[in-house]
Amino acid sequence: MSRGDHHRIHAHDRLQRNRLRVAQEAARLMSEHGIRDFHHAKLKAAERLGILDTQALPRNLEIEQALREHQRLFLADSQPQLLRQRREAAVEAMRFLAAFEPRLVGAVLEGTADAHSAVCLHVYSDDPEAVVLYLREHGVPFDTQVRRLRYSRDDQPEYPVLLFAADELPFDLTVLPRDALRQAPLDRADDRPMRRASLAQVEMLLDEGPDEAFEQRLGAALR
């Protein structure tokens with residue numbers, strides 16, 4: 001093997017080690033500081049580690065995997081309970097919002113929810129004001145913002161978001177038109193269609209408990 005080959009192998013190994021280090025640090029920051037954005041977490045992790053090579057930035061899916069491992073190693077006594085609490089709250093909220101065909105998305109569905117995680121729901125109405133009025137009629141105070149979801153590089157519409165708290169848990173509702181039920185936006189972790197779960201599917205998750213094999217089977221069905 002030539003000196004050049006040795007150099008390339010060494011450089012590749014160093015790059016992979018740095019990718020892993022950044023992914024692990026990003027996972028720690030997300031877990032301990034409540035950072036929800038993968039891109040922000042990886043940039044902050046790289047800065048803290050003094051890693052400047054952009055090729056050493058892990059993909060979002062690598063960070064998600066590191067986050068699961070971090071929770072398994074350091075939060076095994078608390079994270080499953082926090083996850084179940086939020087899934088139970090999701091079921092109650094989805095029953096309350098049944099007229100808007102809610103779907104659970106995000107960390108609570110994926111199984112990575114922690115003390116910082118909101119219960120994220122997609123609700124569907126061709127008139128976003130109908131959801132606003134429904135919350136007001138039931139005395140639910142909320143804040144509003146907008147969120148951009150991505151369906152392709154050129155299709156990234158903005159949707160209204162309603163934020164509120166119930167039983168000290170944060171809820172995050174994105175209001176989409178009803179025809180958006182036919183096509184899920186792309187997931188920020190792997191650029192595949194976002195997993196969405198109906199009320200019945202979330203109830204199945206609760207009934208089965210924290211069984212990884214079952215969640216994987218259900219996950220395949222949600223794609």
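Buried means under 20% relative accessible area, exposed over 50% and partly exposed in between, with a 1.4 Å probe and protein chains only. The model shown is predicted, so local features need pLDDT of at least 70 and side-chain atom pairs count only at pLDDT 80 or more, whereas totals for chains, interfaces and linings use all residues. Residues are numbered from 1 along each chain as its sequence is written, and side-chain values use heavy atoms, with hydrogens and water left out.

View 1. Helices (H or I, at least four residues) and strands (E, at least two) are DSSP runs numbered from the N terminus, and two strands pair if DSSP finds at least two bridges between them. The 5 strands form an open sheet with mixed pairing, in the order β1-β2-β5-β4-β3. Its edge strands, each pairing on one side only, are β1 (103-105) and β3 (143-148). From one strand to the next the twist averages 35 degrees.

**View 2. Strand β3 and its partner β4.** Strands β3 and β4 (residues 158-166) run antiparallel and are joined by 6 bridges. Gln145 has Val161 in β4 as its bridge partner, and Arg147 stands opposite Tyr159 in β4. Of the 6 residues of β3, the number buried is 0, so β3 lies largely in the open.

**View 3. Helix α4 across the sheet.** Here contact means heavy atoms within 4.5 Å, while axes are lines fitted to C-alpha atoms, for helices over the stretch in contact, and angles run from 0 to 180 degrees between N-to-C directions. Helix α4 (residues 79-96) lies across β1, β2 (119-124) and β5 (169-176), and runs at about 45 degrees to β5.

**View 4. The packing of α2 against α3.** Two packed helices are described by the angle between their axes and the distance between the axes. For α2 and helix α3 (residues 60-74), the angle is about 80 degrees and the axes are 10 Å apart. That makes α2 roughly perpendicular to α3, a class that covers 65 to 115 degrees, where angles under 35 count as roughly parallel, over 145 as roughly antiparallel and the rest as oblique. Phe38, His39 and Lys42 in α2 meet Asn60, Ile63 and Glu64 in α3. By class, this contact of α2 with α3 has 2 nonpolar, 2 polar and 2 charged residues.

View 5. In one of them, Arg36 pairs with Asp114, with the closest N and O atoms 3.5 Å apart. Arg36 lies in the loop between α1 (3-33) and α2 (38-49) and Asp114 in the loop between α5 (107-110) and β2, so the pair ties together parts that are 78 residues apart in sequence. Arg36 is partly exposed, at 26% relative accessible area, while Asp114 is buried, at 3%. The side chains of Arg195 and Glu110 also meet in a salt bridge, at 2.8 Å from N to O. This pair links Arg195, in the loop between β5 and α7 (199-208), to Glu110 in helix α5, 85 residues apart. Both are buried, Arg195 with a relative accessible area of 10% and Glu110 at 12%.

**View 6. Further salt bridges.** Arg59 forms a salt bridge with Glu62, the closest N and O atoms being 3.4 Å apart. Arg59 is exposed, at 53% relative accessible area, whereas Glu62 counts as buried, at 18%. Glu25, Arg28, Glu32 and Arg48 are linked in a network of salt bridges.

Key. Salt bridge = Lys/Arg side-chain N within 4 Å of Asp/Glu carboxyl O. Nonpolar A, V, L, I, M, F, W, Y, C, P; charged D, E, K, R; others polar.
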